[in-house]
Amino acid sequence: MQDDAPAYPVGLRLQGRRVVVIGGGQVAQRRLPALVSAGADIVLVSPGVTPSVEAMATAGELRWEARPYRDGDLEGAWYALVASTDAAANAAASAEAEARRVWCVRSDDAEAATAWTPATGRTEGVTVAVLTGRDPRRSAAVRDAVVAGLRDGSLVAPQHRARTAGVALVGGGPGDPDLITVRGRRLLAEADVVIADRLGPRDLLDELPPHVEVIDAAKIPYGRAMAQEAINTALIEHAKAGKAVVRLKGGDPYVFGRGMEEAEALAAEGIPVTVVPGISSSISVPGAAGIPVTHRGVAHEFTVVSGHVAPDDPRSLVDWAALARLRGTLVLLMAVERIGAIADTLVAGGRSADTPVAVVQEGTTAAQRRVDATLGTVARTVAEAGVRPPAVVVIGDVVTVARRG
C-alpha cells in the first residue's frame with residue numbers, strides 16, 4: 001500500500017550514539033561527512049570502500065569492518081544507513097532495523113525505508129533540511145535557494161536572541177556588487193549601522209532595510225581632527241550604543257584600507273571586531289580588464305604598491321630603485337595623480353621606457369575603461385585621456401599577454 005502521508009521532520013542528535021552504515025560506496029561517501037560532523041559513533045560494514053571512505057577510517061572518524069552485512073549488526077544502533085550494492089543484504093538489514101525499531105534510510109528503495117534523508121545545507125549555525133516527498137532534485141533546489149539567500153543576505157532571518165554588539169570590517173571588493181563575499185553581504189543585511197567608503201559597492205546600500213542608518217564616511221564631520229580618527233570615533237560610539245555596525249570598505253580592509261587602524265582602535269575600547277576579507281582591486285581589476293598579474297613564461301611575481309605619495313616624498317616607504325630592477329608585474333593603487341613621477345623614477349632605475357602599462361579606471365563597474373601606454377608615454381596618455389581615480393595601474397609584459405594570444 002502506498003503511503004501518501006508526509007514525513008514527520010525531526011532533528012536527530014547523534015553525538016556519541018551508535019550509527020551503522022551498510023556499504024562503503026559513493027552514497028556512503030556523500031552521507032558520512034554529515035554523520036561525522038554530528039559526532040556519531042559510526043560503524044561501517046562493507047567488504048570494500050572508496051578511497052575517501054578508507055581515509056575517514058584511517059583518520060579514526062569511523063570504524064570499518066571489512067566484511068558483508070550479517071544479522072545482529074544493528075544491535076544497539078540509533079540510526080542506520082543502508083547503501084550497499086547487495087539487494088539481499090539491504091533488504092535483510094532493513095528488516096532487522098524494523099524489528100529493532102531503528103530508524104533506517106535506504107538508498108536503493110526509499111519506499112521500504114522508515115526514514116528519508118533531507119537535502120541539507122548549513123550556514124552560520126542554521127541547518128536547512130528540505131523534504132519534497134519523492135522528488136530529491138526539487139528538495140536540493142529548494143535547499144540551495146534557501147541557503148544561498150541566507151548567505152548573501154537576500155533572505156533575511158532576524159535573530160531574536162540578544163546579539164553581541166560589535167563591528168564588522170567588511171571588504172566590499174572592487175566595486176561590482178556581485179563581487180562582495182557572501183559573508184559580507186549577509187552581515188550587511190543584519191547591520192543596524194553601515195559606515196561606507198565611497199569606493200565600496202554602493203549599489204548594495206539600496207538593498208538595506210529602511211531602519212538601517214547609512215553613514216558616508218567621506219562626510220563625517222571631523223573639524224581639526226584627522227578623518228580616520230573621526231571614523232574610529234563613529235565606529236566606537238555606535239558599537240557602544242549596542243548597534244551591529246558594518247564598516248564597508250572597497251577592496252580588502254587590510255590592503256591600503258586602514259583596517260588595522262580601525263581594529264586596533266576598537267580593540268582598545270573592548271569592542272569585538274570581525275574582519276571579513278574582500279577581493280582586492282590589485283588583482284580583480286586587472287583580471288576584469290583581461291590582464292593576468294602573473295603568466296607562465298612572462299611574470300613569476302607581482303608587487304602591489306601604493307602610489308599615494310610621490311617617490312621623492314620624504315614620507316614614502318617604497319624602495320623604488322629596487323622595484324625598477326624587478327622583472328615581474330607592478331600593480332599601483334592610488335597612483336594616477338603621480339604616475340608621471342613614478343614612471344620617470346622606474347625608468348631612471350633601469351626599467352625600459354618601452355615597458356607596457358595599462359591604466360584601468362573604475363574597474364569591474366559599468367564605467368570601466370582601459371587606457372594603454374608605456375612607461376615613457378603613460379603620463380601624457382593619462383592626461384590626454386582624462387583618467388581620474390579610482391584607477392589601477394599595471395606595469396609589465398603581462399599587459400600584452402591577451403593580445404599575443
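At 5% relative accessibility, Glu 96 counts as buried, because buried means under 20% relative accessible area. The structure described here is a predicted model. Glu 96 sits in helix α3, which covers residues 87-100. Leaving aside residues up to four places away in sequence, Glu 96 touches Tyr 69, Arg 70, Asp 71, Gly 72, Asp 73, Leu 74 and Glu 75.

**Domains**

The protein chain is divided into domain 1 (18-117), domain 2 (166-276) and domain 3 (282-403). Taken over C-alpha atoms, the centres of domain 1 and domain 2 are separated by 48 Å.

**Helix α2 and its surroundings**

Helix α2 is made up of residues 51-58, and its residues Val 53, Met 56 and Ala 57 are buried. Seen down the axis of α2, the buried residues fall within an arc of 100 degrees, so they line one face of the helix. The face turned away from this buried side carries Pro 51 and Thr 58, which are exposed. Among the elements that cover the buried residues of α2 are α1 (26-37), β2 (41-45) and β3 (63-65). Just after α2 comes Gly 60, with a positive phi of about 80 degrees.

**The five-stranded sheet**

Five strands form an open sheet in the order β10-β9-β11-β8-β12, and the pairing is parallel. The edges are held by β10 (213-216) and β12 (273-276); each has a single partner strand, so one side of each is left without a neighbour in the sheet. On average, and with direction ignored, neighbouring strands of this sheet are turned by 20 degrees against each other.

Within the sheet, β9 (residues 193-196) and β11 (residues 244-249) pair in the parallel sense over four bridges. Ala 196 stands opposite Leu 248 of β11. Helix α7 (residues 259-268) lies across β8 (166-171), β11 and β12, and runs at about 175 degrees to β8.

**The largest nonpolar core**

The largest nonpolar core has 23 residues, of which Leu 332, Leu 346, Val 359, Val 378 and Ile 395 touch the most other members. Two or more residues each are given to this core by α9 (320-325), β14 (329-333), α10 (339-348), β15 (356-361), β16 (369-374), α11 (378-385) and β17 (391-395). The largest share, four residues, comes from α10. Val 378 touches Ile 339, Ala 343, Val 357, Val 359 and Ala 373, with residues up to four places away in sequence not counted. Apart from this core lies another of 18 residues, among them Ala 28, Ile 42, Tyr 79 and Val 105.

**Strand β17**

Strand β17 is mostly covered, with five of its five residues buried. In a regular strand the side chains alternate between the two faces of the sheet. In β17, Ala 391, Val 393 and Ile 395 point one way while Val 392 and Val 394 point the other way, and all are buried.

Strand β17 runs antiparallel to β14, and four bridges join the two. Leu 333 has Val 392 of β17 as its bridge partner. Strands β15 and β17 also run antiparallel, joined by five bridges. Here Gln 361 stands opposite Ala 391 in β17.

The loop between α11 and β17 contains Pro 390. The peptide bond from Pro 389 to Pro 390 is cis, with omega near 0 degrees.

Arg 258 and Met 334 each have a positive phi although neither is a glycine. The table places them side by side.

| Residue | Phi | Loop | Relative accessible area |
|---|---|---|---|
| Arg 258 | about 60 degrees | between β11 and α7 | 43% |

Is Arg 258 buried, partly exposed or exposed? Its relative accessible area of 43% makes Arg 258 partly exposed, because that class lies between under 20% for buried and over 50% for exposed.

Note on methods:
Residues numbered from 1 in each chain as written. Predicted model: local features only at pLDDT ≥ 70, side-chain atom pairs only at ≥ 80, totals over all residues. Heavy atoms only, no water. Pairing = 2+ DSSP bridges. Axes fitted to C-alpha atoms, helices over the stretch in contact; angles between N-to-C directions. Contact = heavy atoms within 4.5 Å. Domains from an automatic or database assignment. Core = buried A, V, L, I, M, F, W, Y, C linked by side-chain atoms within 4.5 Å. Buried < 20%, exposed > 50% of the residue type's maximum accessible area, 1.4 Å probe, protein only. Arc of directions from axis to C-beta.
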